[in-house]
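Reader: I would like to go through this model with you. Could you bring it up first?

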Amino acid sequence: MLRFCVLLISLMIVTSGSSSISSDSESLMSCSKFHFEEKVLEKLIRLEHKMELNEKKLKKWEETFSFILDKMEKAIKQSDIFVESVRDTQLQEQSRLNDSYHEIVERFKGQSKKETEVHGKQMNTMLKSLSTKIEEISVAENNRENALKQIQNTLHQEQNRFNKSFDVTLDSFRLASNESLSELIEKQEKDYEALMEKRTIVAFSAYTTRQQDITIYTNIKFEKVWTNIGNGYNPSTGIFTAPRQGVYHITAVVMSQSGQLLYLHLKHNNDYTAEIHVTGDGYKTGTFDVVFSLQKGDTISVGCKNGIRVFSNNDKYTTFSGHFIA
């Protein structure tokens with residue numbers, strides 16, 4: 001459209017000039033007309049060359065963005081596979097611990113049963129020995145009764161002691177097993193939560209379709225949103241707030257008003273960082289491409305230190321994007 005307008009203006013000037021020239025100065029004006037046409041053609045060729053360069057840049061950016069999206073999809077798939085493997089490992093480990101716990105309990109019950117039988121045999125032996133002694137000292141009934149009572153008390157105390165020892169041992173074993181199992185489950189839950197937090201995606205991409213007059217110390221508002229995963233970008237303010245600590249890749253493309261200066265900064269919190277400064281005729285495009293290490297709550301926006309006008313329309317010339325790297 002711009003090329004067509006320039007050609008039309010050139011033809012109008014040439015036609016107007018030729019109609020107003022008198023026949024006496026035709027040779028002189030023919031030379032001027034030829035020189036003017038050469039200048040117009042030269043500017044047209046330069047403008048067409050600039051448009052070709054801009055088209056190549058846009059194509060390169062599209063290829064880069066597609067490559068980044070492919071890498072993000074691969075990373076998501078790998079994270080899902082890793083999470084599934086962690087879950088399977090956790091289930092296998094829990095099953096193994098349960099089997100080991102039941103095996104130990106059964107083994108302990110068997111050992112306790114054997115020890116009880118041994119003590120029973122010992123008590124039977126003692127009772128037989130007591131019967132023999134009773135028969136031997138039948139003449140001293142009082143002494144026999146006292147000795148029997150003493151032996152019965154001893155046996156009762158021994159039985160109580162054994163029962164208490166058994167209960168304490170069993171309770172200690174159960175407590176230790178439960179604590180170990182609980183600690184293992186708690187550790188695996190924490191590892192799983194940390195893994196899920198690491199694979200959380202943060203990405204945004206927004207644009208504006210209108211011209212904006214940016215005053216001193218303000219920022220561009222990219223009111224239209226393509227992507228806002230993690231809800232870090234606010235379209236009403238044009239500010240991205242990091243929802244978590246990490247490394248972020250931030251890009252922005254801004255077009256100036258025709259024939260006006262383009263002078264902008266990328267703002268990190270209240271600090272002006274990267275800068276673009278473009279002068280010249282026609283519409284001009286400036287680009288930011290920066291990697292930031294952000295804390296949770298840090299902000300990123302596109303602003304300026306003086307007043308300028310930013311151009312955009314439904315073709316979406318002016319954009320603002322970013323995503324979490326690691």
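Reader: What percentage of the residues of the protein count as buried?
Author: The model is a predicted one. Of its 326 residues, 23% count as buried.

Reader: How many helices and strands are there?
Author: The protein has 3 helices and 12 strands.

Reader: And what share of the contacts with a separation of 6 or more comes from residues 24 or more positions apart?
Author: Such residues account for 72% of those contacts.

Reader: Now the aromatics. How many aromatic pairs does a search of the whole structure find?
Author: The search returns 10 aromatic pairs.

Reader: Where in the chain do Phe222 and Phe320 lie?
Author: Phe222 is in the loop between β2 (212–214) and β3 (224–229), while Phe320 belongs to strand β12 (residues 318–324). The two are 98 residues apart, and their pair links distant parts of the chain.

Reader: Is Phe222 buried or exposed? And Phe320?
Author: Phe222 is buried, at 0% relative accessibility. Phe320 is buried too, and its relative accessible area is 0%.

Reader: Which residues form the aromatic cluster with them?
Author: Phe222 and Phe320 are in one cluster with Phe204, Tyr233, Phe240, Tyr248 and Phe324. Over the face of Phe324 lies Arg244, 4.3 Å from the ring centre.

Reader: Which ring does the charged end of Lys305 sit over?
Author: That end of Lys305 is over the ring of Tyr272, at 5.2 Å from its centre.

Reader: Which way do β6 and β9 run, parallel or antiparallel?
Author: β6 and strand β9 (residues 285–294) run antiparallel and are joined by 10 bridges. Within this pairing, Met255 has Thr285 of β9 as its bridge partner.

Reader: And how many bridges join β6 to β12?
Author: There are 6 bridges between β6 and β12, again antiparallel. Tyr248 stands opposite Phe324 in β12, and both residues belong to the aromatic cluster.

Technical notes: Residues are numbered from 1 along each chain as its sequence is written. This is a predicted model: local features need pLDDT of at least 70, side-chain atom pairs count only at pLDDT 80 or more; totals for chains, interfaces and linings use all residues. Side-chain values use heavy atoms; hydrogens and water are left out. Helices (H or I, at least four residues) and strands (E, at least two) are DSSP runs, numbered from the N terminus. Buried means under 20% relative accessible area, exposed over 50%, partly exposed in between (1.4 Å probe, protein chains only). Contact means heavy atoms within 4.5 Å. Rings of Phe, Tyr and Trp (its six-membered ring) pair if their centres lie within 6.5 Å; planes under 30 degrees apart count as stacked, over 60 as edge-to-face and the rest as tilted. A charge sits over a ring if NZ of Lys or CZ of Arg is within 6 Å of the ring centre and within 35 degrees of the ring normal. Two strands pair if DSSP finds at least two bridges between them.
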